[in-house]
Amino acid sequence: MKLPRLLAATALCFVIGIHGVPEVKVGKTTVVGREFPSLKQEFFGGIPYAEPPLGDLRLRPPVLKSALDVEPFNASSFGPSCLQPLGLSGAPSGPISEDCLTINVFRPSGLPPNAKLPVLFWVYGGGFVAGSSVLYNGSAIVARSVERGTPVIYVNFNYRLGPLGFPQGVEAGNNKALNLGLKDELAALQWVQDNIGAFGGDKAKVTIFGESAGAIMNAILFLNSGLENFAWGAILESGSQATSYNSFPARRQVDWDNFVSGVASCFTLAGTKNTFDCLRSANSSEILAGLQDSVLGAPEEFGFDPTIDGPGGIYPDLPSRLFAKGKFSRIPFISGTNLDEGTVFIPGTISSEAEIRDFFTANFTPPVVSPADLQNALDQLLHLYPDIPSLGSPFNTGNDTFGLSSQYKRACAIQGDLAFTSQRRFWQQTAANASVKTWGYLFAQPQPQLPPTFGVPHQAEVDYVYGAPADPSSSALRISILMIDYWVSFATSLDPNDGKGMERPRWEQFTPNNQRIIQLNGDNTTMIDDTFRRGGWYTHKCHQIKELNTGSILGRFFDGYHHPRV
């Protein structure tokens with residue numbers, strides 16, 4: 001039960017400064033990091049992996065940085081976070097900048113260059129509009145990996161966010177400027193391939209892992225990025241390819257126009273589809289103002305998701321079409337969700353069926369769906385999720401509505417199943433049918449420190465993976481250590497069951513004939529059948545949910561309903 005103290009010790013070391021001067025040669029440049037003797041770890045941070053995406057490089061794919069500009073290079077701290085709305089929940093408190101494409105390395109102390117340790121490569125979440133590598137200190141993971149005799153190197157990085165990372169609209173499509181944040185990740189992975197050996201890492205044993213937007217990004221890279229050239233495994237925490245609201249560039253033209261309208265020197269060009277040249281000339285303060293307005297004023301919850309970029313792109317088509325054609329990388333992966341994924345996305349003020357209809361209409365409706373089709377889909381959806389509090393989310397809370405309308409629990413159940421549980425199940429079944437090794441989980445650890453309306457919400461598992469649960473109970477500490485052991489075991493052997501570290505239940509592989517996942521709970525970690533909630537949604541011919549050509553989540557529901565794959 002040492003992990004929270006290890007994490008606290010790491011935080012203290014970051015505050016009190018440099019204890020040593022570890023050095024690594026990257027190309028012709030000496031990179032100078034920081035040493036933390038009490039942890040027997042070294043840190044190298046803020047290393048540019050791509051040229052600053054400013055001026056003419058703004059709204060373009062990243063340009064891999066082939067050499068550092070100074071000798072020696074001071075890598076003793078994280079670099080600034082990427083530009084994002086000020087004050088947004090989940091945003092970092094430190095400096096933000098467009099010059100943010102940097103990477104960080106945590107490693108055990110004293111590694112020889114030929115150590116060839118496996119690498120865990122983290123991709124943060126934040127709805128594609130917020131987040132930063134500085135929020136994720138990997139020291140507890142590295143410490144546990146050493147303690148269990150399977151040391152790893154931990155890497156994380158920054159990627160562009162909002163309209164700078166995920167431009168929307170026709171002009172972005174015409175300029176091949178879509179999914180720049182995904183391309184930032186590929187550039188960072190290429191940097192790892194080129195340079196991690198100098199830090200003692202094995203470029204052939206990179207496991208990408210991430211949560212929410214980070215998991216979605218990693219899942220999308222299975223589709224057409226050549227992911228197998230960069231990673232040998234993946235861990236997807238609360239996110240699959242179709243968790244984000246799949247669409248083509250034109251669908252979110254209004255979000256792009258809102259962004260341009262907020263950039264003072266370019267606002268007159270909003271709606272012209274001729275904005276890029278002006279935006280490349282604007283200063284960062286103007287860009288931040290436009291970003292702030294467009295993100296916080298978007299007509300839907302997430303206006304800057306990844307976008308389908310067509311043939312030859314890294315997101316070439318709807319996931320279900322690519323799944324049907326077998327067009328995805330075959331690397332092993334773990335994928336899981338939390339018990340109550342929907343609760344953080346649904347406003348607690350929802351109190352009527354009409355408001356549920358309005359919410360899903362605003363967030364999941366592509367422009368090519370007729371009003372009649374939409375209402376028919378909503379009728380079917382609401383029929384499958386009746387207004388019965390005991391069936392709603394937070395699950396396993398009976399008829400308690402926590403002082404809110406019963407419609408809140410109803411909407412939370414719909415949101416969690418649509419965006420997370422069904423997508424994880426569909427992806428895992430597809431991969432298993434193609435003989436890809438995969439393991440699934442349901443994180444069900446109670447969260448007594450949170451309001452009861454949240455249950456076990458989206459993002460709850462992250463602190464456990466990082467060895468710092470807010471709940472100090474023995475149950476919480478146990479599941480935290482157990483999860484790190486499973487994650488590190490997978491990163492080092494492509495199997496969560498290496499038998500090292502804490503004694504733990506065997507995690508069975510998910511296969512077509514063994515569709516079982518592990519329930520992660522400090523008091524009851526056990527294998528369960530992947531059949532939960534089939535009594536409603538899934539028995540109505542929606543076992544595997546696919547998209548219509550529209551790409552909406554309601555479209556996925558309708559496609560599954562009319563063309564069941566049971």
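This is a predicted model: local features need pLDDT of at least 70, side-chain atom pairs count only at pLDDT 80 or more; totals for chains, interfaces and linings use all residues.

**Backbone first, then helices**

Tutor: Let's begin at Pro72, which is found in the loop that runs between strand E4 (41–48) and strand E5 (73–74); strands (E, at least two residues) and helices (H or I, at least four) are DSSP runs numbered from the N terminus. Residues are numbered from 1 along each chain as its sequence is written, and side-chain values use heavy atoms, with hydrogens and water left out.

Another cis peptide bond connects Ser393 to Pro394, with omega about 10 degrees. Pro394 belongs to the loop between helix H12 (371–384) and helix H13 (406–433). Phe402 is also placed between H12 and H13, and it has a positive phi of about 60 degrees without being a glycine. With a relative accessible area of 22%, Phe402 is partly exposed (buried is under 20%, exposed over 50%, partly exposed in between, using a 1.4 Å probe and protein chains only).

Lys116 is a non-glycine residue with positive phi too, near 55 degrees. You will find Lys116 in the loop between strand E8 (102–108) and strand E9 (117–123), and at 53% relative accessibility it counts as exposed. Most residues other than glycine have a negative phi, and most peptide bonds are trans.

Now for the helices. H2 (residues 139–147) packs on H15 (residues 474–493) at an angle of about 75 degrees, their axes 10 Å apart; axes are fitted to C-alpha atoms, for helices over the stretch in contact, and angles run from 0 to 180 degrees between N-to-C directions. The two helices are therefore roughly perpendicular (65 to 115 degrees). From H2, Ile141, Arg144 and Ser145 meet Ile481, Ile484, Asp485 and Val488 of H15, where contact means heavy atoms within 4.5 Å. By class, this contact has 4 nonpolar, 1 polar and 2 charged residues.

Finally, helix H7 (residues 253–261) has buried residues at Gln253, Asp255, Trp256, Asp257, Phe259 and Val260. Their cover includes helix H3 (162–165), helix H4 (170–174), helix H8 (276–281) and helix H9 (284–296).

Methods
Angles under 35 degrees count as roughly parallel, over 145 as roughly antiparallel, 65 to 115 as roughly perpendicular and the rest as oblique. Ala, Val, Leu, Ile, Met, Phe, Trp, Tyr, Cys and Pro count as nonpolar, Asp, Glu, Lys and Arg as charged, and the others, Gly among them, as polar.
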